[in-house]
Amino acid sequence: MRRALSLAARGKGKTHPNPMVGAVLVKEKKIVGEGYHKGPGKPHAEVVALQDAGDACRGAHLYVTLEPCNHHGRTPPCTDAIIDSGVARLVMACDDPNPAVRGGGADRLAQAGVRVESGLLEARAHELNAAYEKLVITGRPLVEVKVAATADGRAAARDGDSKWITGVAARTKVHRMRRECDAVMVGKGTVEADDPELTVRMIPLRGARPPLRVVVDSRLTLHLDCRLAQGGEPGVIVATTAYHDEGKAETLRKRGLEILVLKDKEGRVDLKELLPALGEKGIAHLLVEGGPTLVASLFGQGLVDRLSLFLAPKVFGDKRSPSWIEGLVVTDPGSGIVLVWRDICRLGEDLLLRAEVLGSKVVKQ
């Protein structure tokens, strides 16, 4: 199963909107076939492994990271191929969490006489497809906030300049994170300050689909000369409210941008409305690279699932330099946003701290 999970991970950034899946066929304690899902419309991992094994499938044991599908989509049901191949035993890491299909594949195989077992390395399998699972269960994407800061938590110098707090290795890692997500989101403040492209540039795409680019701009004040306003590929979505300038919206539409008009909350885009709207577009993993205002709004409303905090070995010591999150009120030391650290790694001279966000006891200022 470890091998199957390793194979599945090769599909990062490529399988959207499908989950990442790996499969390994074993017969007489030897691997006779293996495969992974490479993208929508392409054969599923189980079928690739069966084809790789050929006649050795009969009587073999199939290890797969996710419950095989039992429905027609872009490809035929994997259960039919497994049954026809003569596989004797199926070991799957976890059920498919999609309420529309959960349990259907396992039941179909069991009825056909295949021995079915589940739960081997289940936690790792869920972690691999955490974004897919959140989308199919809640209709909203997994929200990962990425920030870069000094050791004292400053995201920019006093004048707002943030290029470059971290080094080349850290910035390369960010581009790898972009390649593996479905969309990158910023607020209008980041666009005004940095004029970003939000594209994958420092590493090759290697078959991955470039992430969509999302801008939260409540009044549609996006400058028409900025890079994101030029449209092009990958696509750009601008989330705004009814208070926007319709003339500017039409100009942006003609350039190929999508203008997403949402309900407002205190005059700003209602982020709780935005996330399911992005989910409807198939966005499962949303990487937020916004400034302190957008980040604070997401944290303050309990909408963040993960934090990736890049720390540079620098200290500004300037209280007038912006923090990576601003605008929340903590009433006592026992309050605040609760994190569970997942891991830490060194990238050149910088550190990357990754955490799960459990919740918060803070309010917006």
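Visitor: What ground rules apply to the model and its numbering?
Guide: The model is predicted: local features need pLDDT of at least 70, side-chain atom pairs count only at pLDDT 80 or more, and totals for chains, interfaces and linings use all residues. Residues are numbered from 1 along each chain as its sequence is written, and side-chain values use heavy atoms, with hydrogens and water left out.

Visitor: How many helices and strands are in the chain?
Guide: Helices (H or I, at least four residues) and strands (E, at least two) are DSSP runs, numbered from the N terminus. The chain has eleven helices and 18 strands.

Visitor: What does the radius of gyration say about the chain?
Guide: The radius is taken over C-alpha atoms, and the globule rule is 2.2 Å times the number of residues to the power 0.38. For 365 residues, a compact globule would come near 21 Å; the chain has 23 Å, which agrees. The C-alpha trace spans about 70 × 45 × 40 Å along its principal axes.

Visitor: What share of the contacts joins residues at least 24 apart?
Guide: Contact means heavy atoms within 4.5 Å. Take contacts between residues at least 6 apart in sequence: 70% join residues at least 24 apart.

Visitor: What percentage of the residues is buried?
Guide: Buried means under 20% relative accessible area, exposed over 50%, partly exposed in between (1.4 Å probe, protein chains only). Buried residues make up 51% of the 365.

Visitor: Which residues of helix H6 are buried?
Guide: H6 covers residues 130-138, and Ala130, Ala131, Tyr132, Glu133, Lys134 and Leu135 are buried there. The partners of these buried residues include helix H5 (122-128), strand S6 (142-150) and helix H10 (271-280). Glycine 139 follows H6, with a positive phi near 80 degrees.

Visitor: Where are cis peptide bonds found?
Guide: One runs from histidine 16 to proline 17, with omega near 5 degrees. Another runs from glutamate 233 to proline 234, with omega near -5 degrees. Proline 17 lies in the loop between H1 and S1. Proline 234 is in the loop between strand S8 (212-216) and strand S9 (236-240).

Visitor: What does threonine 15 touch beyond its sequence neighbours?
Guide: Setting aside neighbours within four places in sequence, threonine 15 contacts Met20, His37, Gly39 and Pro40. Threonine 15 is in the loop between helix H1 (2-8) and strand S1 (22-27). At 4% relative accessibility, threonine 15 is buried.
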